[in-house]
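New notebook page, new structure.

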Amino acid sequence: MFSLSVFIPLICYFFCIFFNKRIAEIKIEIVISALMILASLISIYVFFSVSEFNPESQIIIGNWLSSGSFLIDWSLNFNSLSVLMVLVVNVVSTIVHIYSIGYMHNDPKKVIFLGYLGLFTFFMLILVTSSNLIQLFLGWEGVGLTSYLLIGFWNFKDVANKAALKAFVVNRIGDFGFMLGIFAIFFIFGTVNFNEIFILVESQENTFFKFLGFNFHALTLISVLLFVGCMGKSAQFGLHTWLPDAMEGPTPVSALIHAATMVTAGVFLLVLMSPIIEQSEFAQKLIMIIGALTSLFAASVAITQNDIKRIIAYSTCSQLGYMFVAIGCSAYGVAMFHLVTHAFFKALLFLGAGSVIHAMSDEQNIKKMGALYNKIPVTYMLMLIGTFSLVGLPFFSAYYSKDLILEILYLDDFDISIYVYIIGIIVVFFTSFYSFRLLIYVFHGESKSDERVAAHIHESPRIMIYPLLILSFFSIFSGLLFKNYFFGFESLSFWGNTIYNIFESDISYAVKELPLSIKKLPFLMIILGLLASLAVCRYLTKLNLYLKHKLCFLYTFLKNKWYVDEFYDFFIIKPTKFIGYGFWKSIDKELIDNIGPNGVSKLIKRFGIFVSSLQTGYLYHYALTIIIGLTIFISIYFYS
Amino acid sequence: MLNIPILPLLIIVPIVGLIFVLLSVEEDENYIQAKKSALWTSVINFLISLYIPFNFDKDVPHFQFVNSFSWLNSDNLKFSLGIDGISLPFILLSTLLIPLCIYSTWNIKTKRCKSYLSAFLILETFLVGAFSAIDLFSFYIFFESILIPMYLIIGIWGGGRRVYSAYKFFLYTFLGSVLMLVAIIFLYQEFGTTDIPSILNSSLPFYIQIWLWLAFFSSFAVKIPMWPFHTWLPDAHVEAPTEGSVILAGILLKLGGYGFIRFNLSMLPDASIFFTPFVFGLSLIAIVYTSLVAIVQNDMKKLIAYSSVAHMGFVTLGIFSATIQGLHGAIVQMISHGLISAALFFCIGSIYNRYETKEIANFGGLNSIMPKLAIFFLIFSLGAIGFPGTSGFIGEFLTLLAVFSHNTFVALISALGIIFAAAYMLNLYKKVFLGKPNKFIQKVKLDLRLNEMIIYSLLVFFIILFGIQPNYIIDFSTSSLDRIISLYPISIL
């Protein structure tokens with residue numbers, strides 16, 4: 001049953017590939033939708049009955065590789081964590097599938113697109129259900145590949161191709177760390193199967209491991225290396241550059257891959273490896289700092305961007321930062337909670353943005369929109385719900401998950417926690433500011449679109465709206481519905497031993513008994529953000545110009561995304577090419593060839609010329625040589 | 001059944017086929033009759049070679065299917081053939097790639113077609129001979145004979161600078177091999193026999209091992225090739241015809257790796273331990289250096305050629321880590337590279353046949369003209385960058401795993417190779433296949449022909465098969481490798 005929900009997307013993929021152009025598109029669409037809905041229903045059923053089955057069990061499909069003591073199976077992990085992720089992935093994916101049928105209506109490669117979505121879903125499910133690190137790595141790379149294919153789906157666009165390449169290569173840098181992490185795990189534990197690793201964690205608590213000549217605490221090293229992988233996949237500061245560019249792909253892709261599922265794989269991996277992370281204070285602090293930095297960076301950049309999808313992409317980046325912060329303070333369940341709610345409301349926001357773009361004839365610049373609220377009212381409502389959930393207005397989903405992260409952060413006892421908490425609160429303000437800024441520019445004010453576009457504005461077809469209604473339901477209620485699964489006493493029975501759980505009774509009580517000022521602080525920041533965005537973008541446009549002028553330096557700094565791309569281009573990409581060229585021309589061509597084959601042949605040739613020059617043909621030259629030779633031989637003969 | 005002289009048969013069948021090819025009537029300028037005889041011969045040979053894995057005893061570390069013939073009327077100099085788990089995959093790789101090469105010429109007009117086909121058949125004889133020889137002299141003879149058809153393939157059917165390239169190729173490999181001949185003669189003097197199994201059972205003092213190791217190394221390091229002996233490879237590839245490049249990258253390079261395992265590692269363990277840092281150093285340079293060079297290439301074949309050097313860097317790392325994972329990884333990596341680089345060269349050949357250029361800058365948006373080729377090329381590129389699920393991943397992963405336990409620094413630097421590989425392969429893919437189709441590529445509108453489809457599908461099948469079931473390769477070699485590893489200090493893996 002469980003395996004079926006994992007393999008249905010793969011069947012979808014092959015179905016699309018083989019029947020593309022052989023049978024009518026509409027038939028393929030119906031079959032695909034039906035299959036995906038079936039997969040979702042199965043995963044919902046499995047989720048609610050997971051405790052009836054024997055949790056913690058593995059479904060072994062076959063042997064993959066056995067080399068010495070390095071043994072891997074093809075197998076699926078069947079426990080609360082994987083079941084939950086399968087549910088989220090399948091549901092969001094089904095919605096995106098159906099939405100895409102409408103969104104990609106006029107695209108000649110629509111069926112291929114659906115096929116790629118299916119393949120992506122399959123790899124994502126492999127990632128979340130894997131019972132060993134290698135199979136997880138297959139899913140990890142697989143989602144990277146499908147992300148590459150889908151970002152570059154419109155491959156006649158050069159920007160899209162560049163973005164796709166960038167996404168793959170930057171992710172590879174993360175994978176580099178991940179692979180080293182896997183090697184270290186195998187070296188320390190002698191196995192790559194999760195169940196066996198977790199049994200052995202305690203015995204390796206004090207192991208030290210020599211890495212690059214230094215002695216490291218083994219579990220810290222592993223955590224940090226794995227985190228590097230997560231930074232790539234989850235677009236954390238330093239390796240985030242691919243995510244905004246990835247928005248060149250079709251919007252459903254951005255919703256499914258670059259918001260709801262793939263980018264959260266890093267969070268998932270760290271939650272999965274929580275027993276190891278928990279043993280290393282250094283790694284936790286690092287994760288917390290990088291997470292906080294990312295959320296601050298992305299939120300601040302989002303304020304100045306004008307591309308509707310890029311704003312949401314930076315917002316994703318920033319929310320992922322929150323999840324890592326939660327992991328940093330050991331709140332693994334809460335990180336998962338935010339992951340789930342985020343999957344729904346961010347997918348809603350992206351698909352809503354897609355609906356806006358669809359209405360505006362592929363215009364993405366929010367400065368060229370405006371006054372859309374009465375022209376596309378349903379989309380407006382949906383975007384409003386998405387935004388409320390994102391900023392965390394009371395009773396919307398992020399209100400439960402994000403505020404919980406902040407509260408736990410407040411109670412956390414690392415020395416840096418309080419600073420991270422302050423950053424978290426500032427980011428709430430930023431989030432509110434850029435979200436409402438987006439809404440104001442897109443839906444309010446005066447219309448700035450040209451007439452041709454304006455005449456064509458229309459509400460999206462029903463096939464695009466209905467999936468969004470489901471998503472908006474989850475965006476509102478998933479916080480309320482799932483709260484108890486992730487936090488508090490009841491969560492203990494749900495998770496069992498699958499993730500590390502430190503929530504003994506006291507933290508959950510402490511959270512409840514926080515002073516009201518702390519409880520209400522995020523709400524205050526949201527209101528402040530709303531007011532600020534109203535002031536700057538709507539009512540006091542002069543203030544906007546004044547601020548831009550006065551804070552010119554800061555504004556360009558943010559507008560240019562902290563100059564990270566330029567930094568990489570100057571310090572990494574250009575030198576790499578320069579060195580490569582230098583190696584090729586100077587060392588290969590000049591040095592090796594001239595000393596090696598060319599040198600040898602020249603030497604032989606010169607020797608030949610020299611020898612042939614001895615043969616002058618004059619008798620007296622030969623006579624002289626004979627005399628000299630004779631003299632030498634006779635002298636040697638006499639003296640020895 | 002076991003008495004079928006399977007290895008001599010594998011060696012003789014191509015020669016018989018060669019006679020048919022030469023006798024065939026030139027009925028049209030496409031030489032279809034000659035091509036048919038050559039193809040049937042090589043397919044039959046492949047089918048014969050399939051007999052081996054099904055009748056091979058995996059648990060025996062010794063040589064199997066042994067056939068010995070007396071030679072030069074001497075008891076000590078024999079012409080003997082046999083295989084163990086290490087050579088088995090390579091023999092199958094050779095018998096697989098040769099028919100594919102011949103089939104790929106199907107619709108192409110080649111000058112002196114009969115001689116061209118004969119060159120490949122004779123090459124198959126020598127390759128199978130080299131991989132199955134268990135006598136030093138017969139090994140040396142086969143190993144060197146390969147140079148002749150290969151030299152001719154590059155020198156006669158090559159591109160513009162073919163003579164320079166052919167000569168460079170010959171000079172490099174021959175200079176290396178001469179030293180190996182000296183070593184072989186020395187071994188004969190020392191033991192009075194050139195029989196490899198009996199030499200494997202005896203040991204030599206350390207100072208002699210050092211010299212012998214260097215002699216063998218010089219030959220195989222050129223062949224595989226290791227930095228800085230690699231400069232013949234890009235030139236040879238660029239000038240060689242498509243099928244020549246396929247054989248060169250697909251099988252010839254593997255002779256180097258095979259030689260390292262068979263001679264340096266198995267016969268000279270003390271020297272191998274002594275030289276491990278040296279080999280690791282060169283391999284690291286090879287991986288990083290050639291990857292960087294590959295990034296800036298403007299010729300497709302040159303790019304793949306440089307990437308081959310980087311991939312072979314993983315092989316040498318794996319071999320000299322002297323652990324079971326490392327050696328498994330090296331063997332899988334060699335087979336996988338044999339399939340993937342062959343496939344990539346075939347693809348470039350398909351492009352070259354249509355556009356007569358391999359300059360990357362000329363292309364763009366090719367996927368709109370040749371969508372099928374674009375899909376295949378993407379799959380092969382993924383193999384080359386070690387995507388999990390393809391055989392390339394297994395090779396690189398196992399190798400790096402083994403190296404990590406040896407030296408984390410080496411593992412760290414060599415793992416950089418996987419980042420670079422993604423950069424240069426996908427950049428190549430982007431530049432050639434993606435984007436808007438330009439005018440130049442629109443002049444030909446012809447996607448893959450049937451023979452190309454069949455070749456690529458077969459290669460994809462094997463690349464993915466060995467990616468999800470690498471045990472098909474690994475299982476054969478385990479017992480033979482265990483014997484080698486027992487010569488080395490016990491590592492923890």
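Core first. I'm working with a predicted model, and its largest nonpolar core holds 437 residues. The members touching the most others are A:F70, A:Y148, B:I247, B:I319, B:L366 and B:F380. I then checked which element gives the most to this core: helix α15 of chain A, residues 332–359, with 19 residues.

Next, the strands of chain A. Strand β2 (residues 70–78) is mostly covered, with 7 of its 9 residues buried. Strand β1 of chain A, residues 57–67, pairs with β2(A) in the antiparallel sense, and I noted 9 bridges. One bridge I looked up joins A:S57 to A:F78 in β2(A). β1(A) and β2(A) form a hairpin with 2 residues between them. In that turn, A:G68 has a positive phi of about 60 degrees.

Last, a helix pair in chain A. How far apart are the axes of helix α8 (residues 218–233) and helix α11 (residues 265–272)? I got 7 Å, with a packing angle of about 155 degrees. Angles over 145 degrees count as roughly antiparallel, and α8(A) and α11(A) are therefore roughly antiparallel to each other. On the α8(A) side, A:L226, A:F227, A:C230 and A:K233 make the contact. From α11(A) come A:A265, A:G266, A:L269 and A:L270. I sorted the residues of this α8(A)–α11(A) contact into 6 nonpolar, 1 polar and 1 charged.

Key
Residues are numbered from 1 along each chain as its sequence is written. Chains are lettered from A and ligands numbered from 1 in the order in which they are written. This is a predicted model: local features need pLDDT of at least 70, side-chain atom pairs count only at pLDDT 80 or more; totals for chains, interfaces and linings use all residues. Side-chain values use heavy atoms; hydrogens and water are left out. A nonpolar core is a set of buried Ala, Val, Leu, Ile, Met, Phe, Trp, Tyr and Cys residues joined through side-chain atoms within 4.5 Å. Buried means under 20% relative accessible area, exposed over 50%, partly exposed in between (1.4 Å probe, protein chains only). Helices (H or I, at least four residues) and strands (E, at least two) are DSSP runs, numbered from the N terminus. Two strands pair if DSSP finds at least two bridges between them. Axes are lines fitted to C-alpha atoms, for helices over the stretch in contact, and angles run from 0 to 180 degrees between N-to-C directions. Angles under 35 degrees count as roughly parallel, over 145 as roughly antiparallel, 65 to 115 as roughly perpendicular and the rest as oblique. Contact means heavy atoms within 4.5 Å. Ala, Val, Leu, Ile, Met, Phe, Trp, Tyr, Cys and Pro count as nonpolar, Asp, Glu, Lys and Arg as charged, and the others, Gly among them, as polar.
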